[in-house]
Amino acid sequence: MAQELKYSQLKNGCFPEDFSFSTTGEILPLDGIIGQERAVRAFDFGLMVKMKGYNIYMAGPSGTGKTTYARKSTEKLAATEPVPRDWCYVYNFQNPRNPLALRFEKGMGKQFKEDMSELVQLLKSEIQKVFRAEEYEKQKSELLRSFDEKRNDLMEDMSKMAAEYEFQVKTTNSGIYFMPIVNGSAIGEEEYDDLPEDVKSVIERNSQVVQEKAGAIMRDIRELDKVSKKQLEQLDYQVGMFAIGHHISGVQDKYQDYKRVIDYINDVREDVLENISQFYEDEEESEEGLSSLLPMLGKKPMEDVTLKYKVNLIVDHSKSEGAPVVVSFNPTYSNLIGEVEYDSEFGNLTTDFMKIKGGLFHKANGGYLIVQAQDVLSLPQAWEALRRVMKTKEINMDSNRDQLGATVAPTLKPEPIPADIKVIMIGSNYYYELLSEYDEEFEKFFKIKADFDYEMPRNDENMWKLASFIKRFVEQEKTIDFDVSAVCAIVEHSSRMVERQNKLSTRFNQLAEILCEAVTWAKMEEAKVVTAAHVHKTIFEKEQRLKLYEDKLGEMLDENVIMIATQGSEIGQINGLAVLDMGSYAFGNPSRITATTYVGKAGIINIEKEARMSGHTHDKGVQIISGFLGQTYAQEFPLSLSCRICFEQNYNGIDGDSASSTELYCILSSLSEMPIRQDLAVTGSVNQKGEIQAIGGVTYKIEGFFDLCKKRGLTGTQGVLIPVSNINDLVLNDEVVDAVKNGQFHIYPISKIEEGIELLMGMPAGKKDSIGKYPENSINGLVMKKLRKFDHLAQGKEED
């Protein structure tokens, strides 16, 4: 018979003598992370590799410190790395729809923006000064006078030519006209109509000649106007160049190491000189009186002639130290790549290069970008933006409207910026597998996977680090210290969180919640330090807040609405154990399992499956039971058995194979007609060889049955059967441990189905003798007898 566990085996206690301090005030705070050596090595290596594709995916459960470690470790390395370059967008004089990107060393971008702003204002004042000077007016007047004289000479020649053919030249705003002269005076249309036909004929012939000769003279006048305009432009260019040339040369000398900047400044100079009149033309006089105070409805505001010469500084590292580390929890498409903003003017959308706004990629360029996988995958187009930058190594600011095919306004296509960004994505293994499955290039982009574990070994080193973690919490939150008993309670709770005696949880976020609430309870009691009592109260109160559903089930058990027996014995009936996981809270729940057996060939029928309330793993467990029965009892004759097994009063569905051994005991009881003790509950998976296998949630299952027995009164015979391989998973609460210590409750570890049979039915399972027969006074013998009887009855039915 299996030997029950001693109370000392039910949990791995932590005691003050395991530490050499009285309170956390005597130790140093934790520096770094605990229990993640494999992940830390992978992450640190990934940071050092600067080649394409070596981005990092940090996988693991939430609350294990992934984000905190990623940020701190990355910032530490980034502080030793060079500051990346500044980036500006400027006007493209050759193609205004494609603004140019200029890069500068640290701080030079801001300086260039200031220099260009000063230069433009200086050019404006210098141009206005030189073009309003007397010397310029004199040169311009002399040039205009010269052309006016030539033009007048040509007009005089035209008048003389017209007079020779008896025509007079008349100049109006709409053009030049030739009026015939008759009897020494010019005549109009009405007078012309009254002339004799022979006179009209002469006038028409002369008119053709005059028109031909006048056309030649007009061509000369137009050519003269072109030359005049060109020479005036040359004068403006020369005067403007004289005024601004040395200023522009001064700026170019400052940025002589930046070829693209020199080219841009040359373009600025040429554009200023080509449009120099815009700088010195007199502004319209403001309207006087009340009308000047009224808004100019429908009138477009004056355009700033200096707008195109401004500099849009989108990345400024003038105050940066080291490489940038950008952490984002809202990586939308626009936030990642930046955007081009629009203004609405009289119902029309307008934009320009000054409305280009940089995104997270621009801020992180030359450094590191830390994002959450769930955020990236839940936001439209975010993953596409991220993978495109990783693939092309450039930041291309395509409008989101373009991506969605909804462009209804003029768009800009800013010049792409080369990208050198190491992306650190943080998420669960589920998202890692999802991306690997649906994006064939995912593993090309994320060649480093840092896998964070949810647990770590419970050794002296990690226990001390956990104490240092508590000290770091105290310092960060500026709260009272924890005494050594409180640290021990936290260590024990950490083991309970992972349900392993030799492990500790790495979900430090959940541990921090316990610390916060324990401090609060201590302050409410005006304690000077946090003690184990405060930690235990925190855990108890936290469970009380979450156990409404458990209490409701408990009430139904107390009122016998849900029927569970904890005394006596019954045939074909057994107490199984399940765990109900409510997300933030889990608890054990006993349930009644029954089995009925009769003649037939249907085999084992899982009622839960028939009702579509059974999961795949539970169905597998039932099939394993069939395999065990066939292996054990059907070597000499076929099984003529129909059996139905059921989780009574189960309305929510069930999954898992942890009840397969329980169901097997129930079937054997029905076949052997031997009753099963109802003061024992059973959990454990069974294989086809009859070996009991480990299951999950063993601690909660034991505590669930213990709570029920305690409410009804402990008899001293009650207990639970568990797999022997689950012994190290026991982290039971003190109440169960004390009950076992006092002989009021029992926990039996078993490794084979035969051990459980003896405990539950008070009769040996029975082994085959030399001729392959089971003893008649054994469970196996009784089962074999019943199955043989079923086989005979089945054969008789066939004969009938």
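Modeller: Before we start, a contact here means heavy atoms within 4.5 Å. Keep in mind too that this is a predicted model.

Colleague: Thanks! With that in hand, which residues does S672 touch, not counting residues up to four places away in sequence?

Modeller: Those are M761, I779, L782 and V783. S672 itself sits in helix α23, residues 660-672.

Colleague: And is S672 buried or exposed?

Modeller: The cut-off for buried is under 20% relative accessible area. S672 has 7% relative accessibility, so this serine counts as buried. Its side chain also has a polar atom 2.8 Å from the backbone oxygen of L668.

Colleague: Let's move to strands. Which way do the residues of strand β1 point?

Modeller: Look at residues 56-59: I56 and M58 point one way, Y57 and A59 the other, and all are buried. Then check the partners. β1 pairs in the parallel sense with β16 (residues 422-427) over four bridges, where A59 has G427 as bridge partner.

Colleague: What is the strand order in the open sheet of three strands?

Modeller: The order is β3-β2-β7, with antiparallel pairing. β3 (100-104) and β7 (312-315) are the edge strands, each pairing on one side only. On average, neighbouring strands are turned by 30° against each other, direction ignored. Five bridges join β2 (residues 86-90) to β3, and Y89 stands opposite A101.

Colleague: Which helix lies across β2, β3 and β7?

Modeller: That is α3, residues 108-131, running at about 30° to β2. Helix α7, residues 259-274, lies across β2 and β3, at about 130° to β3.

How values were computed: Residues are numbered from 1 along each chain as its sequence is written. This is a predicted model: local features need pLDDT of at least 70, side-chain atom pairs count only at pLDDT 80 or more; totals for chains, interfaces and linings use all residues. Side-chain values use heavy atoms; hydrogens and water are left out. Helices (H or I, at least four residues) and strands (E, at least two) are DSSP runs, numbered from the N terminus. Buried means under 20% relative accessible area, exposed over 50%, partly exposed in between (1.4 Å probe, protein chains only). A polar contact is a pair of N or O atoms within 3.5 Å; within protein, one must be able to donate a hydrogen and the other to accept it, and residues adjacent in sequence count only if both atoms are side-chain atoms. Two strands pair if DSSP finds at least two bridges between them. Axes are lines fitted to C-alpha atoms, for helices over the stretch in contact, and angles run from 0 to 180 degrees between N-to-C directions.
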